[in-house]
Amino acid sequence: MLRPRIIPCLLVHQGGLVKTVGFKDPKYVGDPINAVKIFNEKEADELIVVDMDATVNGVEPDYKAIEHMALECRMPLCYGGGVQTAEQAKRIIGLGVEKVSISAAAVDRPELVSEIADAVGRQSVVVVIDAKKKMLGRGWDVTTRNAGRNAKVDALDFAARVADLGAGEIVMNSVDLDGKMTGYDLDLARRLRERVRIPITMLGGAGSLDHMGELFRACGVMGAAAGSLFVFKGQYRAVLINYPKPAEKEALFAAVR
């Protein structure tokens, strides 16, 4: 039986764990491996790790760092950043990672989705879509390279296309709400749910467990991912790795049963 998932998302910049607001001004919040160890102890459902630098700098994934992380991680791990070929994805899966995510590479060459699905299996292919509201608020555009480039592609149309090409999951990230901690874009989530039938994870805007409950009640079973929520605590955003307790998770999941 499918269940909702609560997923920490870790951004890695220059080897350190960071958080951004609107994809800008990365703030160092700790060591990625230490964060992985803490999420192990707290029995997180899954973990998403994204290297912010690889694609922007045109370099390959850091396989040594990925292997180290995979060896430490006791939950399903999704890695993204710098993946340009099916061979790279296959190598990452071989290091013990369960899922590989692509973003800009899928926009630049959508057939890569099918190539990776053929190489490692559809269930291991995640397409991350960084969506930004269009002018006048009529829909969402796909952005790439840490939201630095507007691809001039409709985000929902692109989601449907990559699902047809073989993506096993879509992570829809709201650029407008990144780091704001004011709640998910529920309109975007609902519209995405209407367009695709593969697993969905929403990212961007979560500031409390109540926001995750709102997402589950609005859209049913899906993934609720967050960055700031799981690395900051309190109004002054003190750095503290945290994750809901089992009873808190069960209370959230009850809303979709």
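**Cavities and their surroundings**

Modeller: About 30 Å³ of space lies in the second largest cavity, and, as with everything that follows, this value was computed from a predicted model. The residues that line the second largest cavity are Ile7, Glu46, Ile48, Cys78, Lys99, Val126, Glu169, Val171 and Thr201. When this lining is sorted by class, five of its residues are nonpolar, one is polar and three are charged, and the names let you follow that division: Cys78 is counted among the nonpolar residues, whereas Glu46, Lys99 and Glu169 count as charged.

The count of cavities of 30 Å³ or more comes to two, and the largest cavity holds about 540 Å³ of space. Its lining is made up of 40 residues, and those closest to the centre of the largest cavity are Leu11, Phe23, Val50, Val128 and Asp130. Strand E4, which covers residues 47-51, supplies the largest share of this lining, with three residues. By class, the lining of the largest cavity divides into 18 nonpolar, 16 polar and six charged residues.

From the cavities we can turn to a pair of strands. Strand E8, residues 140-144, and strand E9, residues 149-154, run antiparallel and are joined by three bridges. Threonine 144 in this pairing stands opposite arginine 149 of E9. Together E8 and E9 form a hairpin that has four residues between the two strands, and in its turn arginine 145 has a positive phi of about 55°.

The last feature to examine is a pair of helices. Two packed helices are described by the angle between their axes and the distance between the axes. Here helix H7, residues 155-165, packs against helix H8, residues 186-195, at an angle of about 35°, and the axes lie 10 Å apart. The crossing in which H7 passes H8 is right-handed. On the side of H7 the contact is made by Leu156, Asp157, Ala159 and Ala160, while H8 contributes Leu188, Arg191, Leu192 and Arg195. Sorted by class, the contact of H7 with H8 contains five nonpolar residues, three charged residues and no polar residues.

Key:
Residues numbered from 1 in each chain as written. Predicted model: local features only at pLDDT ≥ 70, side-chain atom pairs only at ≥ 80, totals over all residues. Heavy atoms only, no water. Pairing = 2+ DSSP bridges. 1 Å grid on protein atoms, 1.4 Å probe; cavity = no way out; pocket = protein on both sides within 12 Å on 5 of 7 lines; lining within 4 Å. Points joined across faces, edges and corners; volume = space filled by probe spheres on them. Axes fitted to C-alpha atoms, helices over the stretch in contact; angles between N-to-C directions. Left-handed = near helix turned anticlockwise from the far one by under 90°. Contact = heavy atoms within 4.5 Å.
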